[in-house]
Amino acid sequence: MILSTMQDFPLSVAAILRHGARVYGRSECVTWTGGGAPRRATFAQIAGNAERLASALAGLGVRPGDRVATFCWNNQEHLEAYFAVPAMGAVLHTLNIRLFPEQLSHIINHADDQVVIVDDTLVPLLARVVHELPAVEAFVVVGDGDASALEANANGAPVLRYHTLLAAEEPGYAWPEVDERSAASMCYTSGTTGDPKGVVYSHRSTFLHAMAVQSASLVGITEADRVLTIVPMFHVNAWGLPYGAFLSGATLHMPGPFMQPEHLAKFIAAERSTLASAVPTIWNGILALGEREEIDLSSLRAGTSGGAAAPRVLLERFERRYGLRIIQGWGMTETSPLGGMAFPPPGVEPGTDEDMYWRLKSGRVAAGVEMRIVDDSGAELPWDGESVGEIEVRGPWITGAYHRDPAPGKFDDGWLRTGDIGTIDDRGFYQITDRAKDVIKSGGEWISSVELENHLMAHPAVAEAAVIGVPDARWDERPLACVVLRPEASAAPAELASFLADKVARWQVPEYWTFLDEIPKTTVGKFDKKPLRARHRDAALEIEHVER
Ligand code: ADP
C-alpha cells in the first residue's frame with residue numbers, strides 16, 4: 001500500500017461550528033415567540049454561546065464521552081447545545097418530549113445521561129420521571145419559568161438556570177481535537193415497531209451527513225435560504241438541517257413550542273421562510289388551515305416531507321393551491337436520517353403526471369449510501385422497479401449497531417436491515433410499499449397498505465386513512481380500512497370501495513371498514529397502527545362489511 005499525502009484531518013462537529021461562525025457569522029437562528037418579536041441570534045453569537053455553555057458544562061463535571069441530554073423544543077438554546085456538547089467531546093442525547101414517562105426514564109438511564117437541559121415549558125413533563133433518574137447530576141433549565149416541580153424531586157441534583165450559567169462564563173472555549181469516530185450525539189428510535197433502541201452518531205458521520213444534506217441532490221440549502229425546521233430537533237437531529245445550515249450559511253427558523261399550523265403559517269409569512277421540512281401530518285394540518293383561512297406561503301421555494309409516505313393528494317393540493325413543490329425524502333433514526341430524496345430526473349415537466357410519478361417515489365439513493373433489496377431467503381433482488389423485498393443499506397452515516405443492544409437480527413453481513421419493504425428501479429429510485437410489520441399478506445400476495453391509504457386520502461370526503469391487516473379464515477389476512485371523514489362529509493364503505501376499485505387490483509380492495517374520529521399518531525406525528533391493531537384484537541372497533 002502507498003499512503004496518500006493528504007492530511008489526516010478529523011471531521012468533527014467543532015469543524016462545522018467553526019465554519020458556520022467564521023464564514024456565515026451573519027446568518028441567523030430565528031426563534032418564534034408566538035406573538036411578540038422573534039428572538040434572533042447570529043451564527044457568530046450562537047458560537048459564542050456554545051463556547052460559554054461548554055465551559056459551564058465542564059464546570060459541572062462533564063468530561064469527554066459523558067452524555068448531556070436535551071429535553072427541548074426547536075429553539076436557539078437547543079441549537080447551542082447541538083454544537084457545544086459534541087464539540088467539547090461529550091455526547092448530545094436528544095430526548096423525545098412526547099415519550100411516555102416509562103420510556104423517557106428508561107432511555108435517560110440506558111444512555112447514562114449526566115446532565116439534562118430542559119425548556120422551562122417542559123419542566124412538568126420531565127418532573128414526572130425525575131425521581132427515577134439516579135444518575136443525573138444536574139438539570140439546566142432554559143427560560144425563567146417555574147422549575148419548582150423539578151426542584152422538589154431532583155434528589156439533591158442542582159437545578160440551574162441556563163442563562164445564569166452562560167452569563168458567568170466567557171466565550172473562547174478551546175475545542176479539543178476529537179477522534180472523528182468517537183460519539184457526537186445519540187437518538188433513540190421512537191419505538192413504533194418495538195422497544196426504543198439507541199443510535200449513536202459519530203463526528204465523522206455527522207459531518208458527512210451534513211455535507212450531503214446541503215448538497216443539491218438532497219435538500220440543497222444555501223446562504224440565501226431561510227429554513228423552517230418544523231421537524232423536531234429530537235427527531236433524528238432535525239434531519240440534519242441545523243448542521244447543514246452551519247455548513248451552507250442558511251438561516252434557521254425555529255418554531256419553539258408553536259407547532260400549530262396557525263403559528264407555522266404566521267412564521268412563514270413574517271420571516272419569509274424559503275424552505276420548510278415536516279412529516280406529512282404537519283403538512284396536512286397546514287393544508288387544512290389554508291382551507292379555513294387565507295395563508296401566505298409565497299416565500300417557500302420548496303418543502304420537504306419525510307418520516308412516512310406523503311399521499312399524492314397532499315403533493316397535488318400544495319402544488320395547485322400554492323404552487324409549492326414538496327419533495328419526499330426517506331430515512332430512519334438509524335440512517336442519520338437521510339437515505340435519499342425523490343427529485344424527478346431531468347426533462348420531466350413540473351406539474352405533470354410524470355412529475356407526480358417520480359415525486360411519489362420514496363427517494364433516490366443518496367451518494368454516500370449503498371442500498372439493496374433482498375428476498376425472504378436473503379438473496380439480492382434486481383433493481384427492476386418490480387421485485388419486492390426488504391431494503392438494506394450501508395454507508396458512513398448508517399448505524400452498524402445499537403447502543404448496548406446487539407440486535408443481531410437487525411444486521412445482515414454489514415448491511416442494516418431497514419424493516420422497510422419496497423422496490424428499486426434501474427436508476428436508484430426506490431419505493432417503500434410498507435413496513436415489514438405492516439404488510440398485509442392476503443392469500444400469499446402482498447397488499448400495500450401505503451398504496452391503499454394514499455388512494456383513500458384522495459377521496460374528497462376522507463381526511464385520514466390507515467389500513468391494517470386483520471386475520472381472515474380464508475385468506476389468512478385481509479385489509480381493514482380505518483377512515484376519518486372530513487368534518488360534515490359522509491361516505492359509505494361501499495362508495496369508498498368502489499372509489500378504490502379502479503385504482504388497485506379488485507382483490508386488494510378492503511371489505512372491512514371502520515370509521516374513527518382520529519387515526520392515532522406516534523410521538524413524531526406519524527400514523528400509529530399498533531393501537532389500531534390492539535383495538536381490533538379487543539373487538540373495540542365497529543366494523544362494517546362490504547361484499548366483494
Ligand atoms: P420509527 O421507526 O420509530 O417510526 P423513524 O423516524 O426512525 O422512527 O422512522 C423510520 C421509518 O419511517 C422508516 O423505516 C420508514 O418506514 C418510514 N419512512 C420514512 N420516510 C418515509 C417515506 N418517505 N416514505 C415511506 N416511509 C417512510
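**View 1. The second largest cavity, in a predicted model.** In this predicted model, the second largest cavity holds a volume of about 40 Å³. Have a look at the residues around this space: W73, N74, R98, I230, P232, F234, G256 and M259 form its lining. How do these residues divide into nonpolar, polar and charged? Five are nonpolar, two are polar and one is charged. Rolling a probe the size of a water molecule over the atoms is how such empty space is shown.

View 2. How many cavities of 30 Å³ or more does the count give? The count comes to two, and the largest cavity contains about 50 Å³ of space. To find the largest cavity in the structure, look for Y201, S205, T206, H209, N237, G240, Y243 and S336, which line it. Helix α8 gives the largest share of this lining, with three residues. The lining of the largest cavity has two nonpolar residues, six polar ones and no charged ones.

**View 3. A close look at S205.** Here we stay with one of the residues that line the largest cavity, S205. You can find S205 in helix α8, which runs over residues 203–214. Is S205 buried or exposed? With a relative accessibility of 6%, S205 counts as buried, because the cut-off for buried is under 20%. Once neighbours within four places in sequence are set aside, the contacts of S205 are P396 and W397.

**View 4. The second largest pocket.** The volume of the second largest pocket is about 700 Å³. Its lining is made up of 31 residues, and Q431, T433, S448, E451 and N454 are the closest to the pocket centre. Which elements give two or more residues to this lining? They are α12 (312–322), β20 (415–424), β21 (429–435), β23 (445–447) and α14 (449–456). Domain 2 (368–435) and domain 3 (440–545) each provide at least three residues of the pocket lining. Sorted by type, the lining of the second largest pocket has 13 nonpolar, ten polar and eight charged residues.

**View 5. Helix α14, one of the elements lining that pocket.** Why is α14 described as largely enclosed by the rest of the structure? Because six of its eight residues are buried. Those buried residues of α14 are S449, V450, L452, E453, N454 and L456.

**View 6. V123 and its surroundings.** V123 belongs to helix α5, residues 123–127. At a relative accessibility of 1%, V123 counts as buried. Around V123 you can pick out V118, V141, D146, A147, A149 and L150, which V123 touches when residues up to four places away in sequence are not counted.

View 7. A disulfide is a covalent bond between the sulfur atoms of two cysteines. How many disulfides does the count give? The count comes to zero. The closest cysteine sulfur to that of C72 belongs to C29 and is 12 Å away, so the two are too far apart for a bond. C187 is in no disulfide either, and the cysteine sulfur nearest to C187 is that of C72, 14 Å away. Both residues count as buried: C72 has a relative accessibility of 1%, and C187 has a relative accessible area of 2%.

Note on methods
Residues are numbered from 1 along each chain as its sequence is written. This is a predicted model: local features need pLDDT of at least 70, side-chain atom pairs count only at pLDDT 80 or more; totals for chains, interfaces and linings use all residues. Side-chain values use heavy atoms; hydrogens and water are left out. A disulfide is a pair of cysteine sulfur atoms within 2.5 Å. Buried means under 20% relative accessible area, exposed over 50%, partly exposed in between (1.4 Å probe, protein chains only). On a 1 Å grid over the protein atoms alone, a cavity is a set of points where a 1.4 Å probe fits but cannot get out, and a pocket is an open set with protein on both sides within 12 Å along at least five of seven lines; lining residues have an atom within 4 Å of a point. Grid points are joined across faces, edges and corners, and a volume is the space filled by probe spheres set on the points. Helices (H or I, at least four residues) and strands (E, at least two) are DSSP runs, numbered from the N terminus. Ala, Val, Leu, Ile, Met, Phe, Trp, Tyr, Cys and Pro count as nonpolar, Asp, Glu, Lys and Arg as charged, and the others, Gly among them, as polar. Domain bounds come from an automatic or database domain assignment. Contact means heavy atoms within 4.5 Å.
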